[in-house]
Amino acid sequence: MFMLNFTVPTALCLKSNSLTGYYSQRVVLDDSGIAQGGIIDTPDGKWYGYFFQDMWPLGRCPYLVPCTWDDGWPVMGDENGDVPREMEVPVNTGNLFPRSEVLVNDDFDSEKLGLTWQWNHNPDNSLWSLTERPGYMRLKTGRVMADADDIFHARNTLTQRTIGDKCSGWISIDVSNMKDGDRAELSVFGFYGGLVEVVKENSKYKLSMSRYNQKIVDGYETNVREDMDDTVELTQDVVYLKADCDFVSSKAIFYYSLDGYKWNRIGGETALIYTLMHFTGYRFGIFNYATQSSGGYVDIDYFEYKKL
């Protein structure tokens, strides 16, 4: 029997005839830090390793690796023990599954939320709707946030993955039904992050940008919000928010537009910081939360992305 134990940067296999041992071991893959996964086979007798590679702020990228056998040991990789950078996807898997992209555009015309979307927390399903205004994702505020700086505890944060090496994501958002104290935002976040937001205060709207920076407090890693000085008064109901991610330089930049075509940069750069506190990669996040009273809402017309 096999027990697979994966430690970066190699894949180690332990083999025994009994759960209680004795176990012998062998390194079965040592290439580019690709590790942590398992062994799978297909109905036509082909074997593969399914592993991950740490791509730092992008998260962990899956790798399919050919597998052969030598005296009862799995041998991963090509004839040189390397992971092929390109290979054909197995055809005979025993099941036919529809192709699913990692990141997709969405005009929210469906009454069901697509599988590429994920909620950052368990959602309150009474506070979002794809049917109350057909063609829009409505995000309503619920619990009042005691700390306006803490986006990581905002409920009903709708997210999709980012993609490398560079990508851009943007939304069209109708903010006409926000209440004073509400904050509606497009974010790029992991354990740290940045955002461009619409804030309603004293019946007026403004655009601003903030970022979360790395700080050590009492020996523990934490994030601290930094608000940028530049703010823009908003005098229309619909505004467009955009984030550009560059995983080569590990930076994100935020923009707004009043017509969906001409983009204006707002705020400074956000560092895309890799940390083991949150190692699954940065995501685009769309959310709306209250800091004074609940009951406001925003309508998202679409989310679009582009690989740059």
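## Cavities and pocket

**Exercise 1.** State which residues line the second largest cavity of this predicted model, and classify them.

*Solution.* Step 1. The lining of the second largest cavity consists of Trp56, Pro57, Gly190, Phe191, Ile273, Tyr274, Thr275, His278, Phe279, Thr280, Gly281 and Tyr282.
Step 1. By class, seven of these residues are nonpolar and five are polar, while none is charged.
Step 2. The volume of the second largest cavity is about 40 Å³.

**Exercise 2.** Describe the largest pocket: what is its volume, which residues lie nearest its centre, and which strand gives the most to its lining?

*Solution.* Step 1. The largest pocket holds about 1,800 Å³ of space.
Step 1. Its lining comprises 35 residues, and those nearest the centre are Tyr50, Pro62, Tyr63, Ser100 and Val102.
Step 2. The lining of the largest pocket divides into 19 nonpolar, eight polar and eight charged residues.
Step 3. At least two lining residues come from each of strand 4 (35-41), strand 5 (47-54) and strand 6 (60-70). Strand 6 gives the most, with five residues.

**Exercise 3.** Determine in which order the four strands of the open sheet are arranged, and which of them are the edge strands.

*Solution.* Step 1. The order in the open sheet is 4-5-6-7, with antiparallel pairing.
Step 1. Strand 4 and strand 7 (73-76) each pair on one side only, and these two are the edge strands.
Step 2. From one strand to the next, the twist averages 35 degrees.
Step 3. Within the sheet, strand 5 and strand 6 are joined in the antiparallel sense over eight bridges. Glutamine 53 stands opposite cysteine 61, a residue of strand 6.

## A single residue

**Exercise 4.** Decide whether methionine 209 is buried or exposed, and identify the residues it touches.

*Solution.* Step 1. Methionine 209 belongs to strand 15 (residues 204-217).
Step 1. A residue is buried when its relative accessible area is under 20%. Methionine 209 has a relative accessibility of 1%, and therefore counts as buried.
Step 2. Leaving aside residues up to four places away in sequence, methionine 209 touches Leu195, Val196, Asp227, Met228, Phe254, Ile266, Gly267, Gly268 and Thr270.
Step 3. Aspartate 41 is 168 residues from methionine 209 in sequence, and their C-alpha atoms are 49 Å apart in space.

How values were computed
Residues are numbered from 1 along each chain as its sequence is written. This is a predicted model: local features need pLDDT of at least 70, side-chain atom pairs count only at pLDDT 80 or more; totals for chains, interfaces and linings use all residues. Side-chain values use heavy atoms; hydrogens and water are left out. On a 1 Å grid over the protein atoms alone, a cavity is a set of points where a 1.4 Å probe fits but cannot get out, and a pocket is an open set with protein on both sides within 12 Å along at least five of seven lines; lining residues have an atom within 4 Å of a point. Grid points are joined across faces, edges and corners, and a volume is the space filled by probe spheres set on the points. Ala, Val, Leu, Ile, Met, Phe, Trp, Tyr, Cys and Pro count as nonpolar, Asp, Glu, Lys and Arg as charged, and the others, Gly among them, as polar. Two strands pair if DSSP finds at least two bridges between them. Axes are lines fitted to C-alpha atoms, for helices over the stretch in contact, and angles run from 0 to 180 degrees between N-to-C directions. Buried means under 20% relative accessible area, exposed over 50%, partly exposed in between (1.4 Å probe, protein chains only). Contact means heavy atoms within 4.5 Å.
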